[in-house]
Amino acid sequence: MASYGGYTKTGYGTQAGNDGGGFMGASQQGSQGGGSKSYSDDSLRPVTIKQLVDCEEAYPGADLEIDGIPITQVTVVGQVRAVNPQATNITYKLDDGTATMDVKKWVDAEKADDNDPKFAPDTYVRVWGRLKNFNGKKHIGAHFIRAIDDGNEVSYHLLEAAYVHLYFTKGAAAAGGGGNAAGGGDSMFVDGGGYTAGGNGGAVPGGGAGNARLAKCSRNAQSMFNYLNNSPEGNEGMHLNTIATNTGMSVRDVLGAADELLGSGLVYTTIDDETWAILDY
């Protein structure tokens with residue numbers, strides 16, 4: 001797959017989609033709010049359906065985000081549970097074991113039926129498309145759907161979705177494997193477990209000393225730091241409410257984490273006492 005530091009497209013060969021499904025361009029037409037929005041770096045992210053169900057707006061009118069990253073194009077894998085063909089579209093109810101969601105594939109009435117294959121219930125498929133949110137209900141607007149012939153693709157997709165999630169929440173994978181650099185543990189889900197503290201290429205202020213200071217911080221403080229380090233906050237930083245929303249922490253936890261990071265010299269307050277940014281040396 002491509003490097004996630006710049007959040008670029010993964011290598012799924014999506015250019016094979018029919019009629020320029022949006023994978024070559026850098027524009028998003030009415031994806032979440034019905035308006036037109038341009039993206040300088042249109043992206044394709046492997047996700048689970050539960051991630052799509054749970055994603056929310058950071059504030060009213062904002063883009064839908066996962067792990068603090070705006071969603072443009074996504075790919076999911078799942079089993080068709082129901083099919084609802086209509087004159088202009090086919091709606092599939094897709095189940096990937098984490099949740100279910102409708103997938104809507106618009107059809108061209110001028111094409112022959114065999115150009116738009118219909119997938120029977122219980123068929124495993126891969127979908128490429130965009131998450132859409134109309135009237136408070138989410139669905140995937142599919143550019144392209146194909147059947148899955150190899151069951152290993154299902155497992156691979158779930159592993160890749162987990163990897164990308166860990167990248168954005170815990171940082172890039174450490175060189176040399178997934179051992180716990182802090183204490184020799186073998187789990188990648190514990191603090192320091194095979195992931196550098198910072199996203200954006202793992203750059204932590206102060207280099208090795210910065211890593212050491214962050215390793216001594218609590219899980220909440222590390223989560224807050226990773227979110228700030230992965231977010232294009234600019235000079236003004238990220239506000240308390242935005243951090244809480246995108247990290248899943250309570251306001252009290254964010255305030256406690258901020259105190260730890262301030263005391264460790266890793267962040268600083270910007271426009272007010274509830275807005276923080278990474279402290280660069």
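**Close-up views of a predicted model**

View 1. An α-helix has 3.6 residues a turn, so residues three or four places apart point the same way.

**View 2. Helix H6, from end to end, runs over residues 251–263.** How far should its 13 residues span at 1.5 Å a residue? The answer is 18 Å, and the end C-alpha atoms of H6 are 18 Å apart, which agrees.

**View 3. Helix H4 takes in residues 219–230 and is largely enclosed by the rest of the structure.** The helix has twelve residues, and going from its first C-alpha to its last takes you 16 Å, close to the 16 Å expected at 1.5 Å a residue. Why call H4 largely enclosed? Because nine of its twelve residues are buried. Those buried residues are Ala221, Gln222, Met224, Phe225, Asn226, Tyr227, Leu228, Asn229 and Asn230.

**View 4. Helix H2 packs against H4.** H2 covers residues 152–170, and its axis lies 7 Å from that of H4, at an angle of about 95°. That makes H2 roughly perpendicular to H4, since angles of 65 to 115 degrees count that way. Which residues meet here? From H2 come Tyr167, Phe168, Thr169 and Lys170, and from H4 come Arg219, Asn226 and Asn230. Sorted by class, the contact of H2 with H4 has two nonpolar, three polar and two charged residues. Asn226 and Asn230, by the way, are also among the buried residues of H4.

**View 5. Helix H5 packs against H4 too.** H5 is made of residues 240–247, and the axes of H4 and H5 are 10 Å apart, at an angle of about 105°. The two helices are therefore roughly perpendicular to each other. On the H4 side you'll spot Ser223, Met224, Tyr227 and Leu228, which meet Thr242, Ile243, Asn246 and Thr247 in H5. By class, the residues of this contact split into four nonpolar, four polar and no charged. Three of the names from H4, Met224, Tyr227 and Leu228, also turn up in the list of buried residues.

**View 6. Val164 has its place in helix H2.** Is Val164 buried or exposed? With a relative accessibility of 0%, Val164 counts as buried, because the cut-off for that is under 20%. Now find Val47, which is 117 residues from Val164 along the chain. In the fold, the C-alpha atoms of Val164 and Val47 are separated by 8.4 Å.

**View 7. Asp67 and Asp122 each have a positive phi, although neither is a glycine.** For Asp67, phi is about 60°. You'll find Asp67 in the loop between strand E5 (64–66) and strand E6 (69–70). Asp67 is buried, with a relative accessible area of 17%. For Asp122, phi is about 80°. Asp122 lies in the loop between strand E9 (100–106) and strand E10 (124–134).

Notes: Residues are numbered from 1 along each chain as its sequence is written. This is a predicted model: local features need pLDDT of at least 70, side-chain atom pairs count only at pLDDT 80 or more; totals for chains, interfaces and linings use all residues. Side-chain values use heavy atoms; hydrogens and water are left out. Helices (H or I, at least four residues) and strands (E, at least two) are DSSP runs, numbered from the N terminus. The expected span of a helix is 1.5 Å times one less than its number of residues. Buried means under 20% relative accessible area, exposed over 50%, partly exposed in between (1.4 Å probe, protein chains only). Axes are lines fitted to C-alpha atoms, for helices over the stretch in contact, and angles run from 0 to 180 degrees between N-to-C directions. Angles under 35 degrees count as roughly parallel, over 145 as roughly antiparallel, 65 to 115 as roughly perpendicular and the rest as oblique. Contact means heavy atoms within 4.5 Å. Ala, Val, Leu, Ile, Met, Phe, Trp, Tyr, Cys and Pro count as nonpolar, Asp, Glu, Lys and Arg as charged, and the others, Gly among them, as polar.
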